[in-house]
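Colleague: I'm new to this one. Could you walk me through how to read it?

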Amino acid sequence: MTIHFNKATTNNRPFNPALNMNFHDPGNQPGSRQIKQKIRILSIDGGGMRGIIPATIVWYLEQRLQARAGNPEARISDYFDLLAGTSTGGILVCTYLMPDPRRPGRPKLNARESLSLYLDQGGCGIFSRSFYRKLTSMMGLLDEKYCSQALEKALKRCFGETRLQDFLKPCLVTAYNITSRRAFFFTSLDARQDPAQDFPAWKVARATAAAPSFFSPALLHPAVGPAIPLVDGGVFANNPALCAFTETQKASFSQLKGHGHDHAHPTTAEMMIVSLGTGADRKGYAFDAVRSKGMAGWVKPIIDILMSASTETVDYQLRELFAHQPCGGGGRYYRINPALGKADSTMDNTCPRNRWALHQAALDYIETNRERMEEIVDQLIGNQ
């Protein structure tokens, strides 16, 4: 396999799927490998505009799967059995699983189109503020930083009439109930079994992306019971991979129509997890810089540290789980979280230069980890 990369420049040009990659593949050798079929899980972290990084990784994987399968209509959702996401990762998951009304059973968007929502369209105007908004919110100190109406309008335009139960594969999208102080999970399996747990897809996306101080909480109105105020699932699971692991153990895939698996409540040995981060920020905080800081001085560091620590802890726990499988266990766990490179770590920097820097950070990771990426493709192809 030969892959050529061209460095992405930082002007605001239209997204071109052939811009950075040219594929030459010698072809898949049938029967050359025997890979035991597993339940395949895709998990995507939260991170605002930094969602460009996992969206780029998914786009690359989809391109490789299409090339290996010889099928330009193949989609990332064809190769995973459960998709999980938090915040921006939850929105991406919803785009991958949204059905096409004109082609029953097929996704409406491909991975390039999902990436384009962020890379070309800058989040569809979600992170934009009028001067009046900046003034009245005191730059986010007295009110939410952004108007939730813009977010809702963009999500309605993207998802239309799609509902949670319509998603093409099982999913798990995180949110947090601030009244009951409990984690809240949107799952398409529950939505199909219980109409009271079925919601419009745009409301699912709205809830998981309701980051405190950025957007107001989402108010969910179930068919039965009181309204539920929800905020971004990143407050407890910015990396939802462990939540997805648990959800997968609960599900009986052998009873799911169209899955063709014989797994009832799969174990670690029967799973493959691909967990995508939104960029690793290795910048530390010096002791002298924070030792005399009060509440105002700790706002940014504490949010940054809590999100990073939670994400890395989940990665550590899953690494340990998969490292201590029963004898002969063949489960696989892959964590992909590229360095941010020249990109800004803030979640709402939508300027063209930063968007392309995030895209380039993902491309740089792919270029230096070709064998690992191809191993993931091998595993996904072998499970079909």
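**Rings, core and hairpin**

Modeller: Let's start with the rings: Y146, F214 and F215 form one aromatic cluster. Keep in mind that this is a predicted model, where local features need pLDDT of at least 70, side-chain atom pairs count only at pLDDT 80 or more, and totals for chains, interfaces and linings use all residues. Residues are numbered from 1 along each chain as its sequence is written, and side-chain values use heavy atoms, with hydrogens and water left out.

Colleague: How many aromatic pairs does the structure hold, and how is a pair of rings described?

Modeller: A pair is described by the distance of the centres and the angle of the planes. Rings of Phe, Tyr and Trp (its six-membered ring) pair if their centres lie within 6.5 Å; planes under 30 degrees apart are stacked, over 60 edge-to-face, and the rest tilted. There are eight aromatic pairs here. One of them, Y146 with F215, is tilted, at 5.9 Å centre to centre and 35 degrees between the planes. Y146 sits in the loop between helix 4 (131-137) and helix 5 (148-159), and F215 in the loop between helix 7 and strand 9 (218-220), 69 residues apart. Helices (H or I, at least four residues) and strands (E, at least two) are DSSP runs, numbered from the N terminus.

Colleague: Which residues touch the most other members in the largest nonpolar core?

Modeller: A nonpolar core is a set of buried Ala, Val, Leu, Ile, Met, Phe, Trp, Tyr and Cys residues joined through side-chain atoms within 4.5 Å. The largest has 77 residues, and L42, I57, Y96, F159 and F186 touch the most other members. Helix 1 (residues 52-69) supplies the largest share, nine residues.

Colleague: And how do strand 7 and strand 8 pair?

Modeller: Two strands pair if DSSP finds at least two bridges between them. Strand 7 (residues 171-177) and strand 8 (residues 182-187) run antiparallel over six bridges, with L172 bridged to T187 in strand 8. Four residues separate the two strands in this hairpin, and R181 in the turn has a positive phi of about 55 degrees.

Terms used
Buried < 20%, exposed > 50% of the residue type's maximum accessible area, 1.4 Å probe, protein only.
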